[in-house]
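Here is a friendly briefing to read alongside the structure. Take a moment to open the sequence and the coordinates, and then follow the topics below.

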Amino acid sequence: MNDFIDEFGGVRDYILGITKEIWEERGVGPSLQKYYADDVVVRAANGILTGNRNVIAATLQTLHEFPDRQLIGEDVIFNGDSAKGYLSSHRLLSVMRHTGDGAYGKAAGRLVRSRIIAECWIRNGQVVEEWLVRDQGAFARGLGMTAEQLARRQAEQDLRVSAKVCSFTPADDVAGEFVPTIDQGDEADIYAAGWSEIWNDKHPAAIASLYSAGAAVEAPGGESVHGHRDLDRFVIGYLASFPDAKFRIEQLMVNDEEGQATRLAMRWSMDATHTGWGRFGMPTGAPVYVMGLTHAHMVDSVVTMEWILVDEVAVWKQIIAYEKNTAP
């Protein structure tokens, strides 16, 4: 089945090609059955899907709401080989108009732009496991809402359908076969240490050494952050909401290609308690799990560009679920 990858001319073109075939060319069922394993596990920040049939159903529902959805591939960072399998991290921009009623509410024809990173483990030419973060905060913004407002709407829908508010936490996970790795090397070590210092040690001053003075960062909610002061505000907004956050790097890979900046893809997580005033409003005491996916460019050992993906609607849903469960 590795012939599938060879047919596309390699891992990068395989990922870009199957994405276009499934979504824009409407391959859906046959294409997902061809390129995704029957027992595929998709871990998204807003919930876990197991099995090809559930992935097909979710794809069709998205296409119903956003039938003109265009997926613009920005980059694919990958490693591995045909024997052990390949890991890819695909960053893309989803551009679409909301013209069908569904999970995002009654259609109003609004244009939505939202970035996505999908990390896929490909074995024998098929996606076996996937980690997926959509910037649903940007979805909300495009639909004229805040992330909290969309989360409250989705929480009510979840309660009507399944009697619980849905999101992904490690308690929901199922066992997989993929063994994560953390690449070693100058840039990888600097990047991992810098993120750990900022987010785990709660040391925003480390921003100045990890990032260039003019670093451009695409942050959750479709926000663009520029330079150290903007980054400081973004970081402190999160740390203030979650001062006990325990940050972990789950997976880190590096691509070095001639003529390009060093490109890194990192999957990370935070376990935290919502105990402070910050980006997520009035503290509630809610336990929160944050799944994050990040791409970065490094030049001369500092980050010049970065894309941080967190589904803030999924974070808000965890806070809302806690509020509902603890309400008198």
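Phe-66 is buried in this predicted model, with a relative accessibility of 1%. Its ring belongs to one of the 20 aromatic pairs counted here. The partner is Phe-139, with the ring centres 5.7 Å apart and the planes at 90°, so the pair is edge-to-face.

**Aromatic pairs**

- Phe-66 sits in the loop between helix H4 (52-65) and strand S3 (70-81), while Phe-139 belongs to helix H5 (residues 136-142), so their pairing ties together parts that are 73 residues apart in sequence.
- Phe-139 is buried as well, at a relative accessible area of 3%.
- Trp-121 and Phe-178 make a tilted pair, at 5.5 Å centre to centre and with 55° between the planes.
- This second pair also links distant parts of the chain, 57 residues apart: Trp-121 is in strand S5 (residues 111-123), and Phe-178 is in the loop between helix H6 (147-162) and helix H7 (186-200).
- Trp-121 and Phe-178 are both buried.
- One aromatic cluster brings together Tyr-191, Trp-195, Trp-199, Phe-234, Tyr-238, Phe-242, Phe-247, Trp-268, Phe-280 and Trp-316.

**Charges over rings**

- Which ring lies under the charged end of Arg-91? The ring is that of Trp-307, and the charged end is 3.6 Å from its centre.
- Arg-267 lies over the face of Trp-131, at 4.0 Å from the ring centre.

**Cysteines**

- How many disulfides does a search of the whole structure find? The count is 0.
- A disulfide is a covalent bond between the sulfur atoms of two cysteines.
- Cys-120 is buried, with 5% relative accessible area, whereas Cys-166 is partly exposed at 24%.

**Strand S1 and its partners**

- In strand S1 (residues 36-44), 7 of the 9 residues are buried, so the strand is largely enclosed by the rest of the structure.
- S1 runs parallel to strand S6 (residues 126-134), and 5 bridges join the two.
- The bridge partner of Val-41 in S2 is Thr-50.
- With 2 residues between them, S1 and S2 form a hairpin.

**Helix H4**

- H4 has 14 residues and spans 20 Å from its first C-alpha to its last, close to the 20 Å expected at 1.5 Å a residue.
- Its buried residues are Asn-52, Val-55, Ile-56, Thr-59, Leu-63 and Glu-65.
- An α-helix has 3.6 residues a turn, so residues three or four places apart point the same way.
- The cover over the buried residues of H4 includes helix H2 (11-24), helix H3 (28-35), S1, S2 and strand S4 (85-97).

**Helix H9 and Leu-239**

- Helix H9 (residues 227-241) holds 15 residues and reaches 22 Å from its first C-alpha to its last, close to the 21 Å expected at 1.5 Å a residue.
- The buried residues of H9 are Gly-227, Leu-231, Phe-234, Val-235, Gly-237, Tyr-238, Leu-239 and Ser-241.
- Is Leu-239, at 9% relative accessibility, buried or exposed? Leu-239 counts as buried, because the cut-off for that class is under 20% relative accessible area.
- Leaving aside neighbours within four places in sequence, Leu-239 is in contact with Ile-198, Trp-199 and Lys-202.
- Leu-239 and Thr-62 are 177 residues apart in sequence, and their C-alpha atoms are 33 Å apart in space.

**Helix H10**

- Helix H10 (residues 312-326) has 15 residues and covers 21 Å from its first C-alpha to its last, close to the 21 Å expected at 1.5 Å a residue.
- Buried residues in H10 are Glu-312, Val-313, Ala-314, Val-315, Trp-316, Lys-317, Gln-318, Ile-319, Ile-320 and Ala-321.
- These buried residues pack against H5, H6, H9, strand S11 (287-299) and strand S12 (302-310).

Note on methods
Residues numbered from 1 in each chain as written. Predicted model: local features only at pLDDT ≥ 70, side-chain atom pairs only at ≥ 80, totals over all residues. Heavy atoms only, no water. Phe/Tyr/Trp six-rings, centres within 6.5 Å; stacked < 30°, edge-to-face > 60°. Helix = DSSP H or I, 4+ residues; strand = E, 2+ residues; numbered from the N terminus. Buried < 20%, exposed > 50% of the residue type's maximum accessible area, 1.4 Å probe, protein only. Lys NZ or Arg CZ within 6 Å of the ring centre and 35° of its normal. Disulfide = S-S within 2.5 Å. Expected span 1.5 Å × (residues − 1). Pairing = 2+ DSSP bridges. Contact = heavy atoms within 4.5 Å.
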